[in-house]
Amino acid sequence: MTSASPLYGPNKLKLGTFGLNVDGACAITSIDGMFHPTWDNVLDLTGAADAAGFEALVPVARWRGFGGETNFNGACFETYTWAAGVAASTRRAGVFATSHVPTIHPIVAAKQATTIDHISRGRFALNVVCGWFEPELEMFGAPVMSHDDRYAYAAEWLDLLKLLWTSQEEFDHHGRFFDIKRGFHQPKPIQQPFPPIMNAGGSGVGRHFAAKNCDMIFVHIKGQDIEAARRDIEEVRELAYASYGREIQIWANCYCVIDDTDAKARAFRDWYVNEKGDWTAVDNLVRSLGIQTGVLPKEQLEAAKYHFIAGWGGYPLVGDAGRIADEMGKLSSVGLDGALISWPRYGEGLRRFIREVLPRLESAGLRAPVS
Ligand SMILES: Cc1cc2nc3c(=O)[nH]c(=O)nc-3n(C[C@H](O)[C@H](O)[C@H](O)COP(=O)(O)O)c2cc1C
């Protein structure tokens with residue numbers, strides 16, 4: 001394998017930014033200081049994360065917003081072209097595109113990925129997503145497949161990307177979803193045999209797909225239960241190893257609220273969720289995910305909505321810099337390889353994290369300073 005991607009680098013706990021292409025990023029609220037997708041903002045924040053040694057810059061694949069007063073995520077940049085621009089303006093981070101498989105033919109996806117791998121000089125990575133937000137997929141005019149068929153489609157789609165990236169010969173393919181006549185792909189990606197692949201499937205089928213086909217998988221840490229997270233991480237690792245003989249990285253999606261004290265950070269979160277949150281948008285979002293009354297008890301549903309508003313349902317890193325570094329140390333100690341992070345006031349939060357939390361992670365031996 002050859003790769004310049006820092007995703008395969010030595011840091012014990014890897015870091016990524018999430019959502020620097022979509023309006024509001026991951027917080028469903030209307031406060032000042034949120035991320036808005038202008039190209040200057042993208043360059044500013046991906047540049048700051050890159051210079052600080054973050055391993056991953058992951059955009060969200062989105063085609064329309066979730067309504068409400070903010071139309072959360074409605075304004076957004078397409079992720080392959082975002083990745084091409086970010087690749088050209090950064091130096092070390094792994095630059096991701098997030099690809100909804102039903103919206104792009106594998107020959108086009110493979111070619112775009114290879115092109116960005118060359119632009120980034122071997123730092124491209126691909127987040128494969130099947131799609132779940134029906135109103136955005138319906139815009140494409142094709143029926144939305146059943147959940148498990150989406151993964152069958154994704155498996156054939158990804159097999160084809162890998163074949164295009166690696167085959168030195170032309171090939172024909174007659175599958176369930178695709179017919180390819182004399183498939184051909186040159187040049188090959190810089191990373192050999194191909195760039196890292198991420199998938200964040202949470203269902204049984206999604207997990208098997210990721211364990212079999214991908215290099216990075218996500219766990220959802222429920223209720224901040226670190227021991228449950230340990231079991232879940234072990235289970236996913238075991239699934240990949242026992243079923244497919246593979247070792248994969250395990251990451252979690254987190255949101256970070258950093259302030260001078262834990263109490264101030266919690267109070268700020270309560271304010272931007274309870275007072276300033278876009279509850280209509282989050283209602284639309286959880287309904288699309290199939291999380292609603294009847295599926296979850298009322299209390300759990302309200303808690304889920306709270307954390308979706310706070311940061312896309314991620315694991316909360318909330319407190320002063322010491323508390324956040326401690327929490328991240330705990331995540332690492334139960335086997336997590338990486339944290340994908342977003343901040344409600346993105347620019348301010350990211351910079352403060354870099355200034356105050358990163359040195360603590362370095363002192364704890366979780367990361368080395370950028371050389
Ligand atoms: C970190 C992370 C990133 C994701 N990115 C996207 C995305 O950009 N677009 C999207 O439609 N779904 C995205 N998803 C949703 C997942 O791909 C997946 O559909 C979801 O976790 C449900 O799992 P399942 O598909 O196995 O049911 C993301 C999920 C996570 C945890």
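Guide: Let us begin with what an axis is: a line fitted to C-alpha atoms, which for helices covers the stretch in contact, and angles between axes run from 0 to 180 degrees between N-to-C directions. Please keep in mind that this is a predicted model. With that in place, the axes of helix α2 (residues 79-89) and helix α3 (residues 106-119) come within 9 Å and cross at roughly 10°.

Visitor: What makes α2 roughly parallel to α3?

Guide: Angles under 35 degrees count as roughly parallel, and the crossing of α2 and α3 is at roughly 10°, which means that α2 is roughly parallel to α3. The crossing of these two helices, α2 and α3, is left-handed.

Visitor: Which residues in α2 and α3 meet?

Guide: On the α2 side they are Y80, A83, A84, A87 and A88, and on the α3 side they are Q112, T115, I116 and I119. By class, the residues of this contact of α2 with α3 divide into 7 nonpolar, 2 polar and no charged.

Visitor: Which residues in α5 and α6 meet?

Guide: D148, Y151, A154, A155 and L158 in α5 meet V205, G206, F209 and N213 in α6, and the residues of the contact of α5 with α6 divide into 6 nonpolar, 2 polar and 1 charged. One of these residues, G206 in α6, is also among the closest of the 16 residues that surround the ligand, together with A200, G201, G202 and S203. The shell around the ligand has 9 nonpolar, 7 polar and no charged residues.

Visitor: How do you know whether A265 counts as buried or exposed?

Guide: A residue is buried if 20 or more other C-beta atoms lie within 10 Å of its own, and A265 has 22 C-beta neighbours inside 10 Å, so A265 counts as buried. A265 is found in helix α8 (residues 262-275), and, leaving aside its neighbours within four places in sequence, A265 is in contact with V257, I258, D259, V318, G319 and D320.

Visitor: Is R182 buried or exposed, and how do you know?

Guide: A residue is exposed if 12 or fewer other C-beta atoms lie within 10 Å of its own, and R182 has 9 such neighbours, so R182 counts as exposed. This residue is found in strand β6 and has a positive phi of about 50° although it is not a glycine.

Visitor: What is the value of phi of A25, and is A25 buried or exposed?

Guide: Phi of A25 is near 55°, a positive value in a residue other than glycine. A25 lies in the loop between β1 (14-18) and α1 (39-51), and, since the cut-off for buried is 20 or more, its 27 C-beta neighbours inside 10 Å make A25 count as buried.

Visitor: Where is the place of P187, and what is the peptide bond from Q186 to P187?

Guide: P187 has its place in the loop between β6 (179-183) and β7 (197-199), and the peptide bond from Q186 to P187 is cis, with omega near -5°. The place of P193 is in the loop between β6 and β7, and a cis peptide bond with omega of about 5° joins Q192 and P193.

Terms used
Residues are numbered from 1 along each chain as its sequence is written. This is a predicted model: local features need pLDDT of at least 70, side-chain atom pairs count only at pLDDT 80 or more; totals for chains, interfaces and linings use all residues. Helices (H or I, at least four residues) and strands (E, at least two) are DSSP runs, numbered from the N terminus. Angles under 35 degrees count as roughly parallel, over 145 as roughly antiparallel, 65 to 115 as roughly perpendicular and the rest as oblique. A crossing is left-handed if the near helix is turned anticlockwise from the far one by less than a right angle, and right-handed if clockwise. Two residues are in contact if their C-beta atoms, placed from the backbone, lie within 7 Å. Ala, Val, Leu, Ile, Met, Phe, Trp, Tyr, Cys and Pro count as nonpolar, Asp, Glu, Lys and Arg as charged, and the others, Gly among them, as polar. A residue is near a molecule or strand if its C-beta atom, placed from the backbone, lies within 6 Å of it.
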